[in-house]
Amino acid sequence: MASFLQVQGLKQAFPAPGGGEVVVFDDINFDIDRGEFVCIIGHSGCGKTTILNVLAGLERPTAGHAFIDGREISGPSLDRGVVFQSHALMPWMTVRGNIGFAVKSRWPDWTRAQIDTHVEQFVDMVHLGGSQDKKPSQLSGGMKQRVGIARAFSIQPKMLLLDEPFGALDALTRGNIQDELVAIVQQTRQTVFMITHDVDEAILLADKIFLMSNGPKAVLAEIVSNPLPRDRARATMHHDPRFYDLRNHLIDFLVNRSKTYAQA
Ligand SMILES: Nc1ncnc2c1ncn2[C@@H]1O[C@H](COP(=O)(O)OP(=O)(O)OP(=O)(O)O)[C@@H](O)[C@H]1O
Ligand SMILES: [Mg+2]
């Protein structure tokens, strides 16, 4: 049976300032199974966001195809919930309004009461009960990110696409939200494609870690399966010797190997 998400021969090129083209990446191929959590790591500029934008349907690849559930991705859809690196909330709307807006788009026939009940459930999920009537400007960075996560989950998408969702958070808030995400994903078995720069975050969250080489002409150099048990926890996973093997492997890739894949 075909995988849930299939990416075949993906290439993205942009016009070069002096003429010709800059190939960001070429011939990217991967599959993601339903319920799988994938993290992609690679240096700045290698093309991670560009891949995510293609999966979100926000950008067309120069060549290649991406399929979800057997259908080619041709534009944005409520099938896919996206959390951008910056929170992208509507500043004039409350927490309830921001999430409710997405819910109403997904289920246009729902009554106000149905929408409110649904929103409440996802506000609780990210522990924002009591802040429903606040606007983004009244929230901390971590709270805004959690609204974005609640909004993406609330439309119950087939897949979540997360672009460094915790990049701007302090270590403590980041840790807490990671723990929440682990709990949510264990509960919902969401399929997730997430970009991160943080190898510990990837080890905590991902079933598979995609290693992308430096651009231009970046390639998917390696797909690493996470050997740690799925019920691993942030506070204890470093007791497992496999944690350090994996961590060293990822860091060695970023420091030494990521630049050795340049194509002729
Ligand atoms: N619309 C565009 N026009 C021209 N070049 C672009 C465009 N979008 C992206 N690029 C280039 O493509 C490359 C990949 O960009 P992308 O944003 O995907 O990188 P990234 O891996 O997400 O980096 P970061 O980790 O810094 O977020 C970069 O060199 C960038 O300058
Ligand atoms: Mg990016």
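I started with overall size: for 264 residues a compact globule would have a radius of gyration near 18 Å, and the protein has 19 Å, which agrees. That radius is taken over C-alpha atoms, and the globule rule is 2.2 Å times the number of residues to the power 0.38.

A note on ground rules: this is a predicted model, where local features need pLDDT of at least 70, side-chain atom pairs count only at pLDDT 80 or more, and totals for chains, interfaces and linings use all residues. Residues are numbered from 1 along each chain as its sequence is written, and side-chain values use heavy atoms, without hydrogens and water.

Next I checked the extent: the C-alpha trace spans about 60 × 45 × 40 Å along its principal axes.

I then looked up secondary structure and found seven helices and 10 strands. These are DSSP runs (helices H or I, at least four residues; strands E, at least two), numbered from the N terminus.

For burial, I noted that 51% of the 264 residues are buried (under 20% relative accessible area, with a 1.4 Å probe and protein chains only).

On contacts (heavy atoms within 4.5 Å), I found that 69% of those with a separation of 6 or more join residues 24 or more positions apart.

Last, I turned to helix α1, residues 48–56: eight of its nine residues are buried, so the helix is largely enclosed by the rest of the structure. I listed the buried ones as Lys-48, Thr-50, Ile-51, Leu-52, Asn-53, Val-54, Leu-55 and Ala-56.

Technical notes:
Chains lettered and ligands numbered in written order. Buried < 20%, exposed > 50% of the residue type's maximum accessible area, 1.4 Å probe, protein only.
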